[in-house]
Amino acid sequence: MNNSATISQTIALAGVLQSAYLVDQIARTGNAAAESFNPSINSLFQFDPDNAADVYSGVHGVKLGLQLLSDILGGNSRNEYRTVVRYTMGMLYLEKKLSAKSELLQIIRSRLEHTALKAEHFSDNINSTTANIAAIYQDTLSTFKFRIQISGSAQQLQNTTNANNIRALLLAGIRGSVLWRQSGGKRWHLILSRQRLITTARELLDSL
């Protein structure tokens, strides 16, 4: 297995890809698998994790993302992946812009802490939690000049629950992007360290 920085980068990038893929799924079909959706959303409430895997409640929480990383960086150019890559690059770019705004980061954190507290008391209602997260995204990242344009079915995008889930997942993708940067991830790693990331993703998948 590679060193801990590479493992952290791989898990973080898998988290971003997983969020991007789920955004695409909801935008097109209105559906997202709970075993991937829930760890992505819950990653927003891991404020001081011991390691990257803890952000997703274990490596299994980014299983889908690790498969995507292995596929996409391995050169699989399935049509649906083009949109996933576009969303992923958009989230990495937005996080870079956000990282320069410490006040906004503090606002996002305190509102997420408040949402986490409410979620503990109403844990059976994921929709109210994602609605709260979506509002945080709208009030902060949606104010940036650069916006991630979501493409999909008009019917699905006009559905309020879907729209909230998409915004919540975009914020989860930004969370993964923060983790990517904190573990030393750079854009050039996607090209020059591609094989190392693929190998680590496959080793992590084998360990599940």
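Q: Helices are DSSP runs of H or I with at least four residues, and strands are runs of E with at least two, numbered from the N terminus; which helix gives the most to the lining of the second largest pocket?
A: Helix α9 gives the most to that lining, with four residues, and the elements giving two or more residues to the second largest pocket are α7 (126-139) and α9. The model is predicted, with local features needing pLDDT of at least 70 and side-chain atom pairs pLDDT 80 or more, while totals for chains, interfaces and linings use all residues. Residues are numbered from 1 along each chain as its sequence is written, and side-chain values use heavy atoms, without hydrogens and water.

Q: What makes a residue part of the lining of the second largest pocket, and which residues lie nearest its centre?
A: A pocket is an open set of points on a 1 Å grid where a 1.4 Å probe fits, with protein on both sides within 12 Å along at least five of seven lines, and a lining residue has an atom within 4 Å of a point. By that criterion 14 residues line the second largest pocket, and Tyr137, Ile148, Ile150, Arg167 and Leu170 lie nearest its centre; its volume, the space filled by probe spheres set on the points, is about 300 Å³.

Q: How much space lies in the largest pocket, and which elements give two or more residues to its lining?
A: The largest pocket holds about 460 Å³, and of its 21 lining residues Leu105, Arg109, Arg175, Val178 and Gln182 are the closest to its centre. The elements giving two or more residues to this lining are α6 (102-121) and α9 (160-182), and α9 gives the most, with seven residues.

Q: Why is α4 called roughly perpendicular to α5?
A: Helix α4 (residues 63-73) and helix α5 (residues 79-98) pack at about 105°, with their axes 11 Å apart, and because angles of 65 to 115 degrees count as roughly perpendicular, α4 is roughly perpendicular to α5. Their contact (heavy atoms within 4.5 Å) is made by Leu68, Asp71 and Ile72 of α4 and by Tyr81, Val84 and Val85 of α5.

Q: How do you know that Asp24 forms a salt bridge with Arg28?
A: A salt bridge needs a side-chain nitrogen of Lys or Arg within 4 Å of a carboxyl oxygen of Asp or Glu, and the closest N and O atoms of Asp24 and Arg28 are 3.1 Å apart, so the pair qualifies. The structure holds five salt bridges. Asp24 and Arg28 are separated by about one helical turn because they are four residues apart in helix α1 (residues 4-29).

Key: Axes are lines fitted to C-alpha atoms, for helices over the stretch in contact, and angles run from 0 to 180 degrees between N-to-C directions. Angles under 35 degrees count as roughly parallel, over 145 as roughly antiparallel, 65 to 115 as roughly perpendicular and the rest as oblique.
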